[in-house]
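Welcome, and please get your viewer ready with the protein chains loaded. We will go from one selection to the next and look at what is there.

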Amino acid sequence: MVATDSIRKSSSRMAQTPSFALLILWLLIHLVISIFFIVLGIVDTVEDYLISSGFLKRYDVINVGKLRYLAIVVDSEDAMQINKVLKLLQWLTDIGVKHVCLYDSEGVLKKSKEIILEKLSYAKLYEEGDEKSALDSKTMILEFTSQFDGKEALARAANLLFKRHLKLSLGENQEEKIFTEAQMTEALKAVGSGGPEPDLLLVYGPARCHLGFPAWRLRYTEIVHMGSLDSMKYGPLLKAIYKFTLVRQNYGNKHPLLRIGFHSIWRLEVYLFILINIFDRQVREF
Amino acid sequence: MFLIRKPCQIHSNQLCAPDNTMEKEGICKFKQLFSYLGCFLRKFMFSILSVGPIPDHIAFIMDGNRRFAKKRHLLEGDGHKAGYESLISILNYCYQLGVKYITVYAFSIENFKRQPEEVQLLMDLMVEKIEDLLRNGSIVDKYGMRLYFVGNLGLLSSTVRAAAEKAMQATAHNSRAVLLICVAYTSSNEMVHAVNQAIRKNEFDSVEEEHIEKVPMIKINDIKRHMYMSVAPDPDIVIRSSGETRLSNFLLWQTAYSPLYSPTALWPEISIWHLIWVVLDFQRKYAYLQKKRKQP
């Protein structure tokens, strides 16, 4: 067939075309995506203004009691901006969050612990058992963690179990000892890294990764990306906590490109949907 | 580099029956053309993506099969079968793109708590699909794929365990692509197993009590070496379908610098567009992630 022959010819011609054309196309796609994120940033700023000024009434009442324990992961370079961290904690107090675990991999926040606690007179340092105690409306419990409480803590707990194993092997009981998850939890508490599992983890950094947050405490934690600490806003923070407190069910009924990227630009969906759907059906076949 | 290695084939056998009428033949030729265009478009898009960094290892949490079955009013088993078809599609796309390692969260230790009929259905499906994968001409042959079954395999029935071990042995000589299937797996179980193994490897024949403090300590690398997932590098990306934002006890040790993506599509609805979007976003963050990985 003429059409398929011409496509085959163009395919073999393209195999010989220099990759400069591909580079240009790649740069173009990334330029379009960057523009899209800039537009999304503007939409977020407008939304932040609407939330902060109280125009969006649904954020007025939040059942913050559902959020028992919140974790904040900050990129270590951003964590040096203590004034930003203090502002964030002040916002969390205003929202009503009671227990916060701050994490950065290098331990910058841990080193600034005294400064932070001094500036926030209502905050106190986490101690074991605090998660069960009732707090008055103003107090916030703060925990400071770093990679010392992550993989390094697991290695320390392993050594504690190892010593226990050696002591057992000296005794009369010569049965092979296999440690369980419950014993690992106890060992982590014994080495000082046994805090509670957060319900929600907010990541302030360029990418949505937990940057080494203690793995043992991350099993069923919701992880939400908030962008960089530099551009932090009150609106998205309130929205993230509000969304967590709702019961959500997702049935994924929209097209992938549109759902992931175009949720704020709903008008484009109708026009793009038809075009993308046609190609989607064909591209899935092989 | 331009990665259209094999030209797109016209799948005439699949689209056109031999006894078509003139009119149906016209429609059939049109379908062939569209199919060819689709294949060409896919390869072209992958060639553009390949200008930038391609992830070496992608991990998938295949969530949403049961919700898919409910949504489409299917039997529950059909949701899992649709999930398997989706997995094969995604594997094809990933390996064509140049991803070498793919990890999938097929069955968690927590899933044993589901209804026994559902667990049995999943186990039977797993055995059936393992046999399909080992046949000539399957995707394992196509990409020279090595299979690993990662998890506490002792919790599986002897039939499933035997099928898994047979698959691992049969594909042990392959090295072009790797598929790690997490079965009877949770990250906490993996970490405890690694600690137990590290303790066992570190012990001395006899130690006096006063010398216990002088015994060499277990280090992070000792634990890492005994992880089930030590056969692959840490994932570059984690993708969880159906919009959930949790890791659900999956690769918690390995994902410190692996961005998590949560497309809202259910697993059987995941498509090439999700993969393309995720890889493009990964390319935007690549420099930052590399810098973080290289830090001590």
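**First stop: a salt-bridge network**

Select Glu222(A), Asp63(B), Arg67(B), Arg240(B), Glu244(B) and Arg246(B): these residues are linked in a network of salt bridges. A salt bridge here is a side-chain nitrogen of Lys or Arg within 4 Å of a carboxyl oxygen of Asp or Glu.

Before moving on, some notes on the numbering and the model. Residues are numbered from 1 along each chain as its sequence is written, while chains are lettered from A and ligands numbered from 1 in the order in which they are written. This is a predicted model, where local features need pLDDT of at least 70, side-chain atom pairs count only at pLDDT 80 or more, and totals for chains, interfaces and linings use all residues; side-chain values use heavy atoms, with hydrogens and water left out.

How many salt bridges does a search of the whole structure find? Over all chains, there are 24.

Pick Asp132(B) next. One salt bridge joins Asp132(B) to Lys129(B), with the closest N and O atoms 3.7 Å apart. Both residues sit in helix 5 (residues 116-133) of chain B, three residues apart, about one turn of the helix. Helices (H or I, at least four residues) and strands (E, at least two) are DSSP runs, numbered from the N terminus. Asp132(B) also forms a salt bridge with Arg135(B), and there the closest N and O atoms are 2.5 Å apart.

Now color by accessibility: buried means under 20% relative accessible area, exposed over 50%, and partly exposed in between (1.4 Å probe, protein chains only). Asp132(B) is partly exposed at 23%, Lys129(B) is buried at 13%, and Arg135(B) is partly exposed at 46%.

Then select Asp222(B) and Arg225(B), whose side chains meet in a salt bridge (2.8 Å, N to O). Both belong to helix 9 (residues 220-225) of chain B. Is Asp222(B) buried or exposed? Asp222(B) is buried, with a relative accessible area of 18%, whereas Arg225(B) is exposed at 52%.

**Third stop: the nonpolar cores**

A nonpolar core is a set of buried Ala, Val, Leu, Ile, Met, Phe, Trp, Tyr and Cys residues joined through side-chain atoms within 4.5 Å. The largest has 121 residues, and those with the most contacts inside it include Met184(A), Phe60(B) and Phe149(B). Helix 10 (residues 272-294) of chain B gives the most to this core, with eleven residues.

Zoom in on Phe149(B). Leaving aside neighbours within four places in sequence, Phe149(B) is in contact with Ile130(B), Ala164(B), Ala167(B), Met168(B), Ile181(B) and Val183(B); contact means heavy atoms within 4.5 Å. Apart from this core lies another, of 39 residues, among them Leu86(A), Leu89(A), Trp91(A) and Ala240(A).

**Last stop: a sheet in chain A**

Switch to cartoon view and find the open sheet of six strands in chain A, with the order 3-4-2-1-5-6 and parallel pairing. Two strands pair if DSSP finds at least two bridges between them. Strand 3 (123-125) and strand 6 (222-227) of chain A stand at the edges, each with a single partner strand, so one side of each is left without a neighbour in the sheet.

Finally, select strand 1 (residues 70-74) and strand 5 (residues 200-204) of chain A, which run parallel and are joined by five bridges. Within strand 5 of chain A, Leu202(A) is the bridge partner of Ile72(A).
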